[in-house]
Amino acid sequence: MSAYNCFSDNFNKETFLSAIDARIKLVVVLVLIIMVLSYKGVMFPLSVAAFSLLLCLSMRVPVRVVALRAAQPLFIAAVILVLKTFFSGQEILFSLNLFGIGLSAHADGFMEGIQITSRIIGGVSLVVALGFATPFIEFVAALSWLKVPKAFIEIMMFAYRYLFLFLDDAHTIYNAQKNRLGYVGLRKGLHSFGVLTGSLVLRGFEQSQKTADAMVQRGYTGDMPILKGEPFRTAELAGAALIMIAGGITWMI
Amino acid sequence: MYSIVLVFIVLLVLPGSVFAMHISEGILPLNWAVLWFVLALPFVAAGIKRMKDLSKNDLSFKPLIGLMAAVVFVISLMPIPVPTAGTCSHPGGTAIPAILVGPFISVLITAVALLIQALFFAHGGLSTWGADIVSMGVVGAFTGYGIFKFLRRCNAGLGVSAFCAGLLSDWAIYLTTSVELASGIRGSEPFLPLLGKIVIAFVPTQLPLGIVEGAMTAGMVTLLYRRRADLLVKLGVIKQEQAGGTL
């Protein structure tokens, strides 16, 4: 599956979650992340993960895509779990002999590792669900409402507008190089990779000039309009409050 | 020593894809996440100010920075096979904008790319955004920029300077991320031994990846020099009299 195909914004946004105000979704996710990070246990983060996974499935996001998205954080989580289990703690859980090396797993280290792993799973699942449920342009409007500097938002909008173009370009150049044996051997591979990167940067420069010219012709004076948020809907505010209160109660239990 | 060997073996047998040392959502406890945010903010603010200053008289500057952010985003998604680890890994790509547009704007570019990656690709995270900006943006950009400028002053070639900038920038990111990870997950454990284990744990991917990052940065600068030396002159990477000469 190509990077483009598993990009969150590429999925159907016509769901009940996408209709909810992005500002509310963002605030709820940030509050829940704070709760996940400050929780001393595993139940709350795992409950949040289960809730987020259900939301993703309800949005008909393929399970494979959710799994692919979580692969990198889970890899890091696995490394941390191994490190904490075998190299942290005092209370020996079991011992084993691996390639002639004696090694002990520690119960307290394992528990610490599990806690961090659950935090990762909880946090990642929240952000993944937010990504699938929020169109980029609405997310940008939410950032603007949160008083993120306009210059930052403008750069983000430019970047988002063109990254799909560059993903396609990179894919095309890479395939062309591969077909001409550009990645046979280390030396050739490194050279091809350098050329690929250079070509993308060059394309970035040229495209930025064309974009600026086209924008100036359409009246661009250095500022871009940003979507303004509508007034909050009472039902959405009540729903958000309910989720945060339920989260708070689970957090305290 | 045995534990070091074992961590190495574990990394060799773990399958999967390793990303450019992004710290995932949830790894850092709240206090550390906030601290890294506080450290990152002044650099992002400085980057925004510098960009505003430069874009006052040049309407094409903001689009250029935005498109550079898109390029960095794409570069950091490129899968690179790492034979020593049996995995795919991804470069950081922060040395490239640092060399071309300076370290402060590079921090801004990295922050934008990281936020989009965190939100729509689950690389990095919202709570670890500050830590990722500090390692990949601040440390990566300033190391790459500093090494490049230093070597150019020592009359090193453009390609060699760019290679070293990419290589050392990647390794600096790797070390900073290890410090961030060790401080965030250590719990009751002493800091330095854990840091050592984390550094060793990522050696199989990060050492070769640094070389790839160096080659990539050198390839990029060399290609620009050959095809559009005027751009390098405009951005202040080389002087007018150096354009058209040998590398």
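Mentor: Let's start with helix axes: they are lines fitted to C-alpha atoms over the stretch in contact, with angles from 0 to 180 degrees between N-to-C directions. This is a predicted model, where local features need pLDDT of at least 70, side-chain atom pairs count only at pLDDT 80 or more, and totals for chains, interfaces and linings use all residues. Residues are numbered from 1 along each chain as its sequence is written, and chains are lettered from A in the order in which they are written.

Trainee: At what angle do the axes of helix H3 and helix H5 of chain B cross?

Mentor: Helices are DSSP runs of H or I, at least four residues, numbered from the N terminus. Here H3 (residues 61–75) and H5 (residues 103–121) of chain B cross at roughly 55°, their axes coming within 9 Å. H3(B) is therefore oblique to H5(B); angles under 35 degrees count as roughly parallel, over 145 as roughly antiparallel, 65 to 115 as roughly perpendicular and the rest as oblique.

Trainee: Which residues of H3(B) make the contact?

Mentor: Contact means C-beta atoms, placed from the backbone, within 7 Å. H3(B) uses Ile65(B), Met68(B), Ala69(B), Val72(B) and Phe73(B).

Trainee: And how are H1(A) and H5(A) arranged, roughly parallel or roughly perpendicular?

Mentor: H1(A) packs at about 70° to H5(A) (residues 136–145), with the axes 8 Å apart, so the two are roughly perpendicular. Ala22(A), Arg23(A) and Leu26(A) are the H1(A) residues in this contact.

Trainee: How many residues does each chain bring to the contact between chains A and B?

Mentor: Chain A brings 75 residues and chain B 71. On the chain A side, H7(A) has the largest share, 19 residues.

Key:
Two residues are in contact if their C-beta atoms, placed from the backbone, lie within 7 Å.
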